[in-house]
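Me: I would like to learn how to read a structure of this kind, one feature at a time. Please show it to me and then take my questions.

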Amino acid sequence: MDIAGASIAHSQAQVKQQASMAVMKKAMDTSEQQSNLMNEMLDKSGAQAIQQAAQPHKGASVDLSV
């Protein structure tokens, strides 16, 4: 293989690697955003569950008088 062919092959390999890294970074960013949203949802629902566990009698029944 001559120098020009080796240079082209090396350049193509670099472009392929850069494209792979860009896709991987995008996937990592997306998964980080999804995990942050999941943590927010768990935090909101977790607070209600903790309150219910601490005071299980509250909200279990409603007294009505007419």
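Me: Where is the place of methionine 28?

Reply: Methionine 28 sits in helix 1, which covers residues 3-54. Keep in mind that this is a predicted model.

Me: Which residues form a nonpolar patch on the surface?

Reply: The patch consists of Met21, Met24 and Met28, and together they have about 290 Å² of accessible area.

Me: How many helices and strands does the chain have?

Reply: There is one helix, and there are zero strands. The radius of gyration is 28 Å, whereas the globule rule gives 11 Å for 66 residues; the value is well over the rule, so the chain is more spread out than a compact globule. The spans of the C-alpha trace along its principal axes are about 95 × 25 × 10 Å.

Me: What percentage of the residues in the chain is buried?

Reply: Burial is a matter of relative accessible area, and the cut-off for buried is under 20%. In this chain, buried residues amount to 0% of the 66.

Me: Why does glutamine 14 count as partly exposed?

Reply: Partly exposed covers the range between the buried cut-off, under 20%, and the exposed one, over 50%. Glutamine 14 has 39% relative accessibility, so it counts as partly exposed. Glutamine 14 also belongs to helix 1.

Me: Is leucine 37 to be read as buried or exposed?

Reply: As exposed, because its relative accessibility is 51% and the cut-off for exposed is over 50%. Leucine 37 is another residue of helix 1.

Me: And where does aspartate 63 lie?

Reply: Aspartate 63 is in the segment after helix 1. Its relative accessible area is 77%, so aspartate 63 is exposed.

Me: What separates residues in space when they are some way apart along the chain? Take glutamine 14 and glutamine 51.

Reply: Compare the sequence separation with the C-alpha distance. Glutamine 14 and glutamine 51 are 37 residues apart along the chain, with 55 Å between their C-alpha atoms. For aspartate 63 and lysine 26, 37 residues apart in sequence, the C-alpha to C-alpha distance is 54 Å. Leucine 37 and alanine 53 are 16 residues apart, and their C-alpha atoms are separated by 24 Å.

Me: How far apart are the mean positions of the positive and negative charges?

Reply: The chain has 5 positive and 6 negative charges, and their mean positions are 2 Å apart.

Conventions:
Residues numbered from 1 in each chain as written. Predicted model: local features only at pLDDT ≥ 70, side-chain atom pairs only at ≥ 80, totals over all residues. Heavy atoms only, no water. Helix = DSSP H or I, 4+ residues; strand = E, 2+ residues; numbered from the N terminus. Rg over C-alpha atoms; globule rule 2.2 N^0.38 Å. Buried < 20%, exposed > 50% of the residue type's maximum accessible area, 1.4 Å probe, protein only. Lys, Arg positive; Asp, Glu negative; His and termini not counted. Charge placed at Lys NZ, Arg CZ, Asp CG, Glu CD. Patch = residues over 30% accessible without salt bridge, like charges linked within 9 Å, V, L, I, M, F, W, Y side chains within 5 Å. Areas by Shrake-Rupley, 256 points an atom, 1.4 Å probe, with all protein chains shown as cover. Salt bridge = Lys/Arg side-chain N within 4 Å of Asp/Glu carboxyl O.
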